[in-house]
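Open the model in your viewer and keep the selection tool ready.

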Amino acid sequence: MSSYPSQDTDEQFMRLALQEAGRALEEDQLPVGSVVVYQGGVISVGRNQVELKHSDLAHAELEAIWPVQDFLFAHAQECDIYSTLEPCMMCFGAIVNFHFRRLVIAAPDQLVGALSLIPHAPYYIRRSPAVTSGVLADESRALVAQYVERNKIRAHLLDSMQDP
């Protein structure tokens, strides 16, 4: 198995995820973006589109996974997924079940994030990807802060995005 990307490479891919989060913000969605990377190249991107699509399944991570799910079925253990916010239980479950090699997140989400599940479930311990957290976290928090200020809702997110 190849070595993990450098911090600079992680920042490069996280910047792409942040661009997707910015697009979500422009669409008045909660600004979360995701990028799927295979062998150093982006194969899919996604952004939160819950309100736009009227679907609670339209989270950024799932939006990035759906278009390449057939490819991931065979190659996810060679893929990394980047997310600007710690994935919820639904998205983390998809990441675990596809067997991604790595999950790289910008900001934690102590309210909805699912990483705290790992030590409590043998299945997650065995199948969870390597996790890197805190890559460009301030940029992710800034986008969410813009969303909260603009919409005057979900201010609790800002508190939950602080490092534990």
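Which residue just after α7 takes a positive phi? Select K152: its phi is about 55 degrees. Bear in mind that this is a predicted model.

Now step back into the helix itself. Select residues 137-151, which make up α7. The helix has 15 residues, and from its first C-alpha to its last it reaches 21 Å, close to the 21 Å expected at 1.5 Å a residue.

Next, colour A137, S140, R141, L143, V144, Y147 and V148, the buried residues of α7. Because they cover an arc of only 160 degrees around the axis, they sit on the same side of α7. Turn to the other side of the helix and pick D138 and E149, which are exposed.

Keep α1 and α7 on screen and hide the rest. Two packed helices are described by the angle between their axes and the distance between the axes. Here the axes of α1 and α7 come within 10 Å and cross at roughly 5 degrees. An angle under 35 degrees counts as roughly parallel, so α1 is roughly parallel to α7.

Finally, show side chains at this contact. On α1, select R15, L18, A21, G22 and L25; on α7, select E139, S140, L143, Q146, Y147 and R150, which they meet. By class, the contact of α1 with α7 has 5 nonpolar, 3 polar and 3 charged residues.

Conventions:
Residues numbered from 1 in each chain as written. Predicted model: local features only at pLDDT ≥ 70, side-chain atom pairs only at ≥ 80, totals over all residues. Heavy atoms only, no water. Helix = DSSP H or I, 4+ residues; strand = E, 2+ residues; numbered from the N terminus. Expected span 1.5 Å × (residues − 1). Buried < 20%, exposed > 50% of the residue type's maximum accessible area, 1.4 Å probe, protein only. Arc of directions from axis to C-beta. Axes fitted to C-alpha atoms, helices over the stretch in contact; angles between N-to-C directions. Parallel < 35°, antiparallel > 145°, perpendicular 65-115°, else oblique. Contact = heavy atoms within 4.5 Å. Nonpolar A, V, L, I, M, F, W, Y, C, P; charged D, E, K, R; others polar.
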